[in-house]
Amino acid sequence: MEPKYKYANAIDMQRRTRKERRFDETEKDLPDFSPFPSLSPTEKIFSLLSSLGKRNPLPRSITDQDTVWLLDNTAYRNEKTGKWEAEFIAAAFSQHSSCTVIDAVRAVAGKIDLDENDPNYPTIEERIKPFLQDIKPGVQVKAYQKKSIPLWLGPGGRNGISRDVVTLPEKAVEDKALIPTFAKVPKGADGVLEMQTFYAEPEGWGVISDIDDTIKVTQTSDPIGILKTTFLDAPAPCPGMPELYKFIHSLVQDASSWFYLSASPYNLYPFLHDFREQHYPHGTIILRDASLTSLPGLLSTLTLGTEDYKVDRMEKVHTWLPRRKMICIGDSTQSDPEAYGDIYRSYPGWVKLILIRKVEDIAAIGIESKNEPERFEKAFKDIPRDVWHVFSNPAECKKLVQDAHFYFYRQYRFIMSAPKRQKSSKDVPYELLYWPGIPGRGEHVRLALEEGGATYTDTAHIEGGVKQVLAQIDQSNVGDDLNPPPLAPPILRHGDLLISQTPNILLYLGPRLGLVPDEDDEEHPDALYKVNQLALTALDGLSNEVHDTHHPIANSLYYEDQKDEAKRRSKDFVEQRLPKFLDYFERVLQGKASGEGPWLYGGQLTYADLVLFQCIDGTKFAFRKAMSAAEKSGKYAHVFKLYSTVQERPRIKEYLASKRRQDYSMGIYRYYEELDIGPEGHD
């Protein structure tokens with residue numbers, strides 16, 4: 001079966017890495033133990049019944065000769081019921097090993113050139129035990145959350161692992177984000193007997209982080225490197241990464257949910273758990289569904305199929321927390337770029353920032369082509385360039401994270417300060433209702449939504465969407481309890497709010513999308529109204545007046561019925577009105593209130609800049625000769641610099657190249673050759 005997420009480039013790199021780094025040769029020399037050696041008749045029955053999962057009629061209990069691991073997890077509110085749920089994972093092993101431990105130790109020591117008299121030799125024996133302990137299928141674990149709420153976990157499957165989605169009582173939450181759960185086991189049983197459940201509310205930030213060679217030195221592209229870092233070396237954090245994660249944690253605070261993904265099997269959970277506790281913020285470690293008694297299997301699981309596995313796990317996290325804003329952090333050794341690219345495209349708006357650590361150690365990277373720019377361009381195809389970043393020094397990322405956090409923090413503050421009578425939530429997608437087939441006045445709204453990174457729907461791209469527009473402007477529509485009926489599109493629906501008129505919609509969206517200076521910005525008091533003034537002026541002179549050049553008498557008449565008047569109106573527009581408005585905006589851009597940079601007000605991009613961009617773009621389409629002459633004259637250099645700067649903004653550039661951007665046709669901006677006159681009336 002083909003992988004669900006097949007990225008040919010990533011798969012090819014995995015295969016080339018294994019070939020060039022001779023993984024097969026190393027795996028061939030390592031012992032491969034059976035997880036169920038010499039089973040007694042009773043054990044065979046338990047093993048067979050474990051394949052029934054939750055329907056197992058004879059689950060068995062933990063004994064004093066067993067090992068139990070309870071894995072930290074994250075609780076979430078069920079989107080339908082609103083109740084707390086969490087996936088509890090437990091793993092059960094026998095403390096006894098049917099394998100010859102010394103043989104496995106010698107095999108690993110031989111591969112990493114470690115003499116048996118070396119003082120570090122016992123470290124291999126200690127770390128290899130989880131790979132050699134006999135798996136206990138069909139085991140049920142009794143546990144207590146906060147020592148009072150009983151939980152029955154399991155019975156586990158043939159791999160000794162159980163997964164249970166448990167509905168949790170509200171009383172378990174209180175004021176703490178972390179709630180402990182304890183395994184109830186007989187004296188003598190050992191393992192990870194206490195776990196922590198992090199209670200994550202639906203909204204806020206989240207971090208998804210790879211482990212191997214992102215935050216922990218593993219050398220995943222070298223078989224000997226994997227064996228050394230797993231069984232011998234003291235686990236070492238990647239340089240600068242603990243400091244970066246501490247910084248991120250300080251920004252997103254304790255309410256943020258952290259997820260650590262590793263392609264490692266469950267055998268390494270205690271090892272990775274202790275490492276994470278020592279160096280990084282608390283979070284849920286998500287591993288592959290396998291308990292291996294196979295050392296070759298360890299090398300394979302870290303190097304094959306990692307993209308499909310990680311995307312699958314991130315999809316699960318999305319079902320838990322679809323309204324969180326996620327930061328994804330990985331590295332270039334495996335398929336993190338491809339996996340994060342997949343998940344970004346699958347769930348638009350969920351991932352806000354992608355950071356990829358460029359690993360340059362050949363033992364870790366394996367093949368140099370993993371760091372080629374073309375690889376990242378393919379992996380992040382159709383993703384705005386300001387969303388993904390490849391870094392060598394983790395310190396580079398602090399400003400990127402800070403900017404992303406501040407950007408969405410500003411949106412949150414404006415939304416939270418919105419009038420209480422508006423029931424719209426920041427997490428409700430915006431709905432734009434506008435005609436299909438023309439950019440029109442709806443384009444100003446689209447540009448704001450696109451630049452703001454908002455999640456929205458557009459009837460122009462929905463089958464039957466025009467019926468929604470017609471229903472809103474139908475004479476029988478008298479509105480609802482909260483909203484009067486709109487006269488004409490564009491129309492914006494946001495939760496219970498329904499508004500129309502382009503400037504009015506932009507006035508609503510501007511603060512929510514961070515497209516005006518902050519309300520409490522003392523350097524730019526009452527900025528919203530000044531930005532609105534500039535947007536209204538652009539719409540008056542370079543949108544409404546452009547429309548009137550081809551329909552100067554009446555909108556109800558065809559162009560052919562008023563062609564002579566249109567020629568006269570166009571001549572006057574090109575000679576008188578167009579220079580007047582271009583000159584006005586040139587003066588605005590040269591004024592002190594414009595601030596630093598190419599923007600109209602306050603030294604930052606506002607929705608007025610987007611409106612002016614669209615007006616210039618449409619006028620360039622309708623009056624090509626006049627606009628070309630205006631640009632070449634140099635008299636309006638600041639205006640055209642603003643135009644080109646907006647055009648190159650990552651989100652706008654991606655939008656303009658997409659199918660979401662509609663072609664000019666029969667809307668406001670139309671091209672008629674007879675109206676395309678040059679300055680002073682010359683053709």
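K325 lies over the face of W205, 5.3 Å from the ring centre; a charge is taken to sit over a ring if NZ of Lys or CZ of Arg is within 6 Å of the ring centre and within 35 degrees of the ring normal. The model is predicted, so local features need pLDDT of at least 70 and side-chain atom pairs count only at pLDDT 80 or more, while totals for chains, interfaces and linings use all residues. Residues are numbered from 1 along each chain as its sequence is written, and side-chain values use heavy atoms, with hydrogens and water left out.

The chain averages a pLDDT (the predictor's confidence in each residue, from 0 to 100) of 86, and 86% of the residues score at least 70. Residues 1–6 stay under 50, and the model has eleven contacts (heavy atoms within 4.5 Å) for them beyond four places in sequence. Over residues 413–426 the pLDDT is also below 50, with 24 contacts in the model beyond near neighbours in sequence. Where pLDDT is low, the predicted coordinates should not be read in detail.

The secondary structure comes to 23 helices and 20 strands, which are DSSP runs numbered from the N terminus (helices H or I, at least four residues; strands E, at least two). Of the 683 residues in the chain, 55% are buried; buried means under 20% relative accessible area, exposed over 50%, and partly exposed in between (1.4 Å probe, protein chains only). Among contacts between residues at least 6 apart in sequence, 75% join residues at least 24 apart.

Six strands form an open sheet with parallel pairing, in the order β13-β12-β11-β14-β15-β16; two strands pair if DSSP finds at least two bridges between them. At the edges are β13 (284–286) and β16 (388–391), each of which pairs on one side only. Neighbouring strands of this sheet are turned by 20° against each other on average, direction ignored, the axes being lines fitted to C-alpha atoms (for helices over the stretch in contact) and angles running from 0 to 180 degrees between N-to-C directions. Strand β11 (residues 205–210) runs parallel to strand β12 (residues 257–261) and is joined to β12 by five bridges. S209 has Y260 as its bridge partner in β12.

V252 is located in helix α7 (residues 241–252) and counts as buried because its relative accessibility is 9%. Leaving aside neighbours within four places in sequence, V252 contacts W205 and H405. The C-alpha atoms of V252 and W205 are separated by 6.2 Å, although the two residues are 47 residues apart along the chain.

The structure holds 18 aromatic pairs. Rings of Phe, Tyr and Trp (its six-membered ring) pair if their centres lie within 6.5 Å; planes under 30 degrees apart count as stacked, over 60 as edge-to-face and the rest as tilted. W69 and F93 form a tilted pair, because their ring centres are 4.7 Å apart and their planes are at 55°. This pair links strand β2 (residues 66–70), which holds W69, to strand β4 (residues 84–94), which holds F93, 24 residues apart. W69 is buried at 4% relative accessibility, and F93 is buried with a relative accessible area of 1%. The rings of W84 and Y199 have centres 4.9 Å apart and planes at 75°, so this pair is edge-to-face. With W84 in strand β4 and Y199 in strand β10 (residues 194–199), the pair ties together parts that are 115 residues apart in sequence. Both W84 and Y199 are buried. One aromatic cluster is formed by Y245, W258, Y260, F275 and Y280.
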